[in-house]
Amino acid sequence: MSPFILEVSSGNDVVEAISQFSRRKNIGLCVLTGSGAVANVTLRQPSTTPGTTVTFHGRFDILSVTATFLQSGSGGGGSPAVPNGFSISLAGPQGQIVGGIVAGNLIAAGTVFIIAASFNNPSYYRLPLDEEGGHSVSGGDGNSPAVSGAVDSGQGQGGDQSCGMSMYSCHMPSSDVIWAPSARPPPY
C-alpha cells in the first residue's frame, strides 16, 4: 500500500483534483478520509426518490469521505480516472449532519486534505467461490497465489463475469442521512 496526502486549495473542485492526480500518476486510489470545508454541495441521497439531488448552500465541514478512483481502461496512458461513488458526510453551520453521494461540484471552501492509498499488486476475487476451481487475477507481477474458485473480473474480456465491484472498493456508499437535532439555547 502506498499512502498519499493530497492538499486541495480553496476554490478548486475536490473530486476533479483527485481524478486529475490519479490520471497523471496512472494509479487507482482509494480515498480513506478527508478534512477541511466545502461550500454549496449537491448530493444524491439514496433514501430519497431515485435520481433526486439536493443542494445544500453554505459552508460545510467534512466529517468523512470515501471514494475509489480507477483508470477506466485496462492500459495506462491518458485514460480518465473514474470515481466510483464519491460519498461524503458533512456538518453544517447549525450543527446539522448531511451526507450522500456527490452529484455535482465539490468546491473547497478552504484547504482540504485528502488521505488516500494506492494498493500495490492487488488481486481481485469474485465471491462466492466456485467449487469447480478457477484462478486469481493478479494486479501486477503475477506472483499472487492462485486461489481455488476465484473468477477473472474480465474487464474488456467478457464483461458478463464482472460483479461490478472495483478491486479497490472495500466500502459501500452510505444509504442513510442523519439529521442532528437543532441546538438548544443554553439555560439561564
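Gln96 is buried, with a relative accessible area of 19%, where buried denotes under 20% relative accessible area, exposed over 50% and partly exposed in between (1.4 Å probe, protein chains only). The structure is a predicted model, in which local features need pLDDT of at least 70, side-chain atom pairs count only at pLDDT 80 or more, and totals for chains, interfaces and linings use all residues. Residues are numbered from 1 along each chain as its sequence is written, and side-chain values use heavy atoms, with hydrogens and water left out.

Gln96 lies in the loop between strand 6 and strand 7; helices (H or I, at least four residues) and strands (E, at least two) are DSSP runs, numbered from the N terminus. The side chain of Gln96 reaches the backbone nitrogen of Gln94 at 3.1 Å. In this hairpin, with five residues between the strands, Gly95 adopts a positive phi near 90 degrees.

Strand 7 (residues 97–102) is mostly covered, five of its six residues being buried. Strand 6 (residues 87–91) runs antiparallel to strand 7 and is joined to it by five bridges, pairing being assigned if DSSP finds at least two bridges between two strands. Ile88 has Gly100 of strand 7 as its bridge partner.

Over residues 97–119 the chain is 0% helix and 65% strand, with the end C-alpha atoms 31 Å apart.

Terms used
A polar contact is a pair of N or O atoms within 3.5 Å; within protein, one must be able to donate a hydrogen and the other to accept it, and residues adjacent in sequence count only if both atoms are side-chain atoms.
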